[in-house]
Structures are given as C-alpha cells and as structure tokens.
Amino acid sequence: MATILEKGNISIHTENIFPIIKKWLYSDHEIFLRELISNGVDAIQKLSLLARSGQYSGDVSEPEIRIAIDKDAKTLSITDTGLGMTAEEVKKYINQVAFSSAEEFISKYKDSGDASIIGHFGLGFYSSFMVSSQVEIDTLSYQEGAEAVHWSCDGTTEFELSPADRASVGTTVTLHLLEDEQEYLEPTRIRQLVKTYCDFLPVPIKLDDEVINKHEAPWKQSLNSLSDEDYLEFYRYLYPFQEEPLLWVHLNTDYPFNVNGILYFPKLKPDIDVTKSNIKLFCNQVFVSDNCEEVIPRFLMPLRGVIDSPDIPLNVSRSFLQNDRTVRRIADYIAKKVGDRLKELYREDYPAYVQSWQDLGTFVKFGSMNDDKFKKQVEDILIFRTTHVAESTTDAPKVQVETAEGDVWEDNASDAKATLPYTTLKDYLDRNKEKHENRVFYATDESAQATYIELFKSQGLEVLFMDSFIDTHFVSFLEREYSDVNFSRVDADLDDTLIDKEKDSEIVDPSNNKTRAEQIKEIFEAALNKPKVTIRTEALKSDGESAPPAMVLVSESTRRLQEMSAFLQQQNAEFPEEHTLLVNTAHPLVENLLSLSKGSILKPDGTSSGDDMSTLLCQHIYDLALMAQKGFDAEGMKAFVERSNRVLTRLTKS
C-alpha cells in the first residue's frame, strides 16, 4: 500500500460544499473541461516564463495538453506539461485557495439567487466534481529535487495526499465520471467541447495523439501579419456557409484595458436578428459566451466576430457579464474603432463604401441616433442615394486594372465620389442652395413614388432616397440635428418650381363667371363627393403628358402623426382620410374632361349627357393617383376594376 503523506479534512465549517457547487454550476456542467484545460495552459505558460527568465533549465519546446479516455475504467484524464506542484502547493492551491472564504460564500449567497460571486473563490477546478464521483491529481513540480505527489478527493470534504511515481514535470487530473455523465467518454463529445471552448488556446490539445484545436488566435496577431484572405478565412471558420462580410475591424489595445478582437460587418439578411449579439466572447483565448450584449453597443449587435479581454468581469461559469464601468468603457472603445474604420473606408475606397452602404447604413444611422460620440465621428460620412447625376459622366467607376503605365484605378478614384449616385446631406444642401435653401426633398419608396420622383427630376429638383426600414425614424432625427432644415417627402407637397404660374391666366368664363380652375375643382368635388378630400388645382410644369393628371398629397405632419400613432398602437399605419387631391389643370386629360362637361347636351332634369362619363373619369383619375400612395384592399380593388371596365366600355361606345 502506498505511503500516505497526509490525510485530513478541508478546513471549512460546512460539512459538504460540493452540493452547493453543483447547484450553482449545474446549468453549465460541461465547462469543467474548459476549466481544467485552461488551468493546464496557464501552468504551461508559467513554466515557459520561468524558462525565459533562467529559473528553469528544462525543455519547454513542445508544450501540450493531452486528453485520454478509458471507457473500461470510466475515467477521463487531462495532462499538461506545465510547471506542476509540490505537496505544499497542492495543499495551498487545491485545498486552501479554492475554499478560501467558503463559509462567507455559503452564509452570504446560498439563498440570494446571485450566482455572480462564485468565481471570486477560485472554484474553476472544482467544477470537475459536477461530473465526477472522484477526482485525482498526479503532479511533479519543476523545482529541483521536487517529488511527485498524488491527491485524491471523492466529492466530500475529505482528501488524501500521497507520493506518486510520476517522472515528467507537469500535472494529470483524472476524473472518475458519474454514471449519468458517460457522454464525456465519447471522443466526438470531447472534440466538440474543445472546438467550442478551447479551439484558440495557444497550446496544442491532443486526443489519441491527434491535435484537435487550431491553437492559433488570429485576433492576437498584429494587423500587418494578416492578409485580407486571412481575415476572410477566419470568418468562414467562425460562420460557415455565410456570405462574405462587408469589412472588418481589428481591435488591439492594452491601455487603459486589454482588448483584442476582430469584428465583421455581415450582409444584413431577414434571418439576422439585429437585437441579438452574434459576437463570441473570449477571455485569454478561452471561449466564454455568445452573449456580448453588455460589451457591444446596441447599434452594433448585428456585428459578428470575436472579442477577447481579461478585463471584462465575469461570473463563476463565465457565461454572463458583470456590467460595470470597465465594460462601458470597452463598449465606447469598440464604437470608436468601428467609427474610425468606417471613416477610413470612406476616405480610401469610396466605391467600396458605397457598395456596402445598404447594409452599413443601418449600423451607422442607428448608431448616430443612439450614441452622441459615434454620431460626431460619422456625421460627415452619412450618405444617401440621390437622383443627382454628376455632369462629368453617368458611367459607373471603372474597376481596378494593372497596366504597364501604372494603376488606372488611381485616375478614377478621385472622381468616384462625384460620379456615384450618393451624396452627403451637406453636399445636397450646398448644391441646391439657390433652388431651395435649407429644404430637402426625399422619397421612401422608389417604385410607389416614381410619378412624384420623375416630376421633381423633370424640373431639375434633386431627390434623396430614404427607403430603409430605419429611415422613418432617421428623418425625424435629422430634423432635430438640423433644426433650420425642412424635410419634405415628395408626396407631401410640391415646390413652387414644379408649378407653372403663367400657364393658366385664370380667364373667367363669362357664361358662369368662374375661372377654369374653379370649374375643374367643382367637377371633381361633385364626382368624388368626399368632404375630407381637399381638391386643389394647379398647372404642373411638364413636357407633354409626362406629368400625371392628378396627385394625392398628404402633409408631412399628418403622415408622421399617423405613423407615430400606429407605432404606439403596434398597428399598420392607415392611409389618412384627410388628404389633398392635386389636379393638374395642364394635363390634356383634365382639359378634355372640362371640354366634355361643357360640350354635353342638357337633359330636361338639368343634368348633362356627359355627367356620368365625367364622374367616372374623375373617379378613375383619383383612383390612379391613390394607387401611387397606397395599395387597395379587396373591396377597393373590386370597385376600381368595375369602374375601369365601365370607363372603357363607355369610351368604346363613343
């Protein structure tokens, strides 16, 4: 029988702390492997440091962690080539440190439901008892003359310490697995856990003599040592079968806190939850959690990648973050680095910035609305698609081509900003200062508002497209930021530039003492019979029939009030009953409508023979104008089709 150096009890007043450990750590019981491997890597790194400082002369050239499975004995062992422990160190680090303040812990926290304090007491090693009936340690210290020791504990407060016959420096932890934890005897399960938690630890981890981790963390390397393909390859490894990212940000700082990482801007797809964190949190290259919500500013939640920081306070299972001042400062740092990267791309590769804007814009706009510091960083690089086309060319910028004379891309890069159909708000305001100072015309739906957009374009008025899901709120934000600027959607009102004031001199018809515009207005009011619809008559500038016969306008304030009300009630915004029908008196159809009304023969009852046709045409013109604003419901579409058929039938009879 082996000589027992010592036999005793772990010095705590509570009879058995292990059920409490198991209770608090139960939900994350698989993390025992992460904790044991992390401890082994830490021991290896400490031995390497001692070797570099001349305090250890042994060979440290091939560090490794070895995992061994014995299905017959139902044991799992983790061996490291680290600095090992003496008997005194085992007693100190295993028996005492892990249980320091144990009594305080139990009395203060066991009934509080607060699991965030366990990590304060160094219980990482003892997570192994969640899956084991007995845990053994065999270790040999690097110190000259040290003797190997064996430690054993069966999950109670009792332990045994005895000599061992280990010949190599390092430590082996052997777990005798519980009956219901036999899954950890399966190599596939171990491989999966190592890939999840320990893939990037800087030491080879072997199972059956095969290295099963990458043991290189790209985020720990310098920016200059990584190529674009390296970044892309890392992204593909983290997120297989996904589209390539738009761009990435490399984090690297050691003051006033230590943070490394690589963050990627993904293409935004409908299946991406923009409210959920997609970033993997590491602590010294050990995977901690997919939950980075406290570390990442809200507007950067859709980012993907890795953040590694030993300065982020974690709870015992390292699964949840402790929100404190350091976390907030790290979040500010990340937001600043993202802003810097976006500005760099804007300056150095504007075409790429524009190409990515459909996805990037969501991040930038949301960030501007939620973070004042970030807003100041990016306010000059906020861009909007525009109807403005630079006079120099309408061609898209050429691709980069290497020639004997040099890089022709350089000749085009300086002009790219001018030729691409995007603009900053400042450039828009400067460019249109003479036409409409401090007024911005914008569209939210290029297809539905095509009629309005074309009318503006035909008269040389520039329109910005604010058509992403966030722009409804972003327009209001811009108005607060630019209090002297008025934002008007193209279907809210028409600029005076679009109205031909001289087209119709308003000659009074002597037969009824009414102007032409007044007569048209009366015809539409009678035909529509909608008291809440205001009829407005104007002659629109146009070439031939390019301008529509009528347009529906909803004031900016009315529409926004309707949208806000719908948002608060969590309903779809209804089209407001109170709106304006602007009838284009210069359109041939409207002119013909007036002639039809005048030329009809009066019936004995005082009505005109053309009244029915006039009414149908007015309603049809209104329907067409309304279609540009909203889709019809089932009843509305049925009525529109029936009315269209009647109009066509009457026209063919004529």
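1. Two strands are taken to pair if DSSP finds at least two bridges between them. The model under review is predicted. Strand β4 (residues 132–140) and β5 run antiparallel and are joined by five bridges. Within this pairing, aspartate 138 has histidine 150 of β5 as its bridge partner.

2. Strand β5 is also joined to strand β6 (residues 158–163), again by five bridges and with the two strands antiparallel. Here histidine 150 has serine 162 of β6 as its bridge partner. Four residues lie between the strands in the hairpin of β5 and β6, and in this hairpin glycine 155 takes a positive phi near 90°.

3. Are the residues of β5 buried or exposed? Strand β5 (residues 149–153) is mostly covered, five of its five residues being buried. Val149, Trp151 and Cys153 point one way from the strand, while His150 and Ser152 point the other way; all are buried.

4. Because its relative accessibility is 18%, glutamate 538 counts as buried, the cut-off being under 20%. Leaving aside residues up to four places away in sequence, glutamate 538 touches Ile499, Lys501, Leu582, Val583, Asn584, Thr585 and Ala586.

5. Side chains of opposite charge can pair when their charged atoms come close. A search of the whole structure finds 32 salt bridges. One of them links the side chains of glutamate 30 and arginine 189 (2.9 Å, N to O). Glutamate 30 lies in the loop between α1 (18–25) and α2 (32–52) and arginine 189 lies in helix α5 (residues 187–197), so the pair ties together parts that are 159 residues apart in sequence.

6. Arginine 189 is buried, with a relative accessible area of 17%, whereas glutamate 183 is partly exposed, at 32%.

7. A salt bridge within a helix is formed by the side chains of glutamate 88 and lysine 91 (2.9 Å, N to O). Both residues lie in helix α3 (residues 87–97), three residues apart, about one turn of the helix. Glutamate 88 is exposed, with a relative accessible area of 52%, but lysine 91 counts as buried at 17% relative accessibility.

Technical notes:
Residues are numbered from 1 along each chain as its sequence is written. This is a predicted model: local features need pLDDT of at least 70, side-chain atom pairs count only at pLDDT 80 or more; totals for chains, interfaces and linings use all residues. Side-chain values use heavy atoms; hydrogens and water are left out. Buried means under 20% relative accessible area, exposed over 50%, partly exposed in between (1.4 Å probe, protein chains only). Contact means heavy atoms within 4.5 Å. A salt bridge is a side-chain nitrogen of Lys or Arg within 4 Å of a carboxyl oxygen of Asp or Glu.
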